[in-house]
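Below are my notes on the model, as numbered points. They take the sheet, then the core, then the charged pairs.

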Amino acid sequence: MAGVGLGPLRAMGRQALVLLALCATGARGLYFHIGETEKRCFIEEIPDETMVIGNYRTQMWDKQKEVFLPSTPGLGMHVEVKDPDGKVVLSRQYGSEGRFTFTSHTPGDHQICLHSNSTRMALFAGGKLRVHLDIQVGEHANNYPEIAAKDKLTELQLRARQLLDQVEQIQKEQDYQRYREERFRLTSESTNQRVLWWSIAQTVILILTGIWQMRHLKSFFEAKKLV
């Protein structure tokens, strides 16, 4: 199953952008199958200074029952996260079920990769493993009941905290949208400039070629005494 991307779409107007920012951030669950030591990666578009929480659990294929069963505790799962610049943000070994957390410091596409480094899977699961993955981004990654219990917040205070977090996340989404538009503008200007210089170079080459041909033909005709 293909990865799920967190791409904020281009919106028409400020209100549409706010609505898309609300819809774009949240929890997305999926599952996929991997083989022994096979790596599966997903691309997430994440604004800067945004918390991301991933929860996963694994199931092994039972040949006799022909169903997926909970994995044994000894199964190892390695999680690696890279930022848009290719720098490793997180690289850690977990068990058959776990939770990983990281905070983005650079806006853009983050690569989240998971793979099992256990050879026991080949013996007991026929090399077949199912991984359930749930990724939570932004304010959806906050555990508000836990925050309320820890800070002793009333229901009204907790709701205000949620609204403030949502506003902050919307601002991050808007900043990221402007960042994408600026990168697109710079790329377009660079491409247009290269096309312009290439067109000028082609024109100069054509003019020089025409001049050379005219001189060559004139010399040829003079040699043949045709002029």
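1. Four strands form an open sheet in the order β2-β8-β5-β6, with antiparallel pairing (two strands pair if DSSP finds at least two bridges between them; strands are DSSP E runs of at least two residues and helices H or I runs of at least four, numbered from the N terminus). β2 and β6 are the edge strands, each pairing on one side only. From one strand to the next the twist averages 15 degrees.

2. This is a predicted model, in which local features need pLDDT of at least 70 and side-chain atom pairs count only at pLDDT 80 or more, while totals for chains, interfaces and linings use all residues. Residues are numbered from 1 along each chain as its sequence is written, and side-chain values use heavy atoms, with hydrogens and water left out.

3. β5 and β6 are joined by six bridges in the antiparallel sense. Met 77 has Tyr 94 of β6 as its bridge partner.

4. The largest nonpolar core holds 23 residues (buried Ala, Val, Leu, Ile, Met, Phe, Trp, Tyr and Cys residues joined through side-chain atoms within 4.5 Å; buried means under 20% relative accessible area, exposed over 50%, partly exposed in between, with a 1.4 Å probe and protein chains only). Among the residues with the most contacts inside this core are Tyr 56 and Phe 100.

5. Three salt bridges are counted (a side-chain nitrogen of Lys or Arg within 4 Å of a carboxyl oxygen of Asp or Glu). One joins Glu 182 and Arg 185 at 2.5 Å, N to O; another joins Arg 185 and Glu 189 at 2.6 Å. Shared partners link Glu 182, Arg 185 and Glu 189 into one network.

Conventions
Axes are lines fitted to C-alpha atoms, for helices over the stretch in contact, and angles run from 0 to 180 degrees between N-to-C directions.
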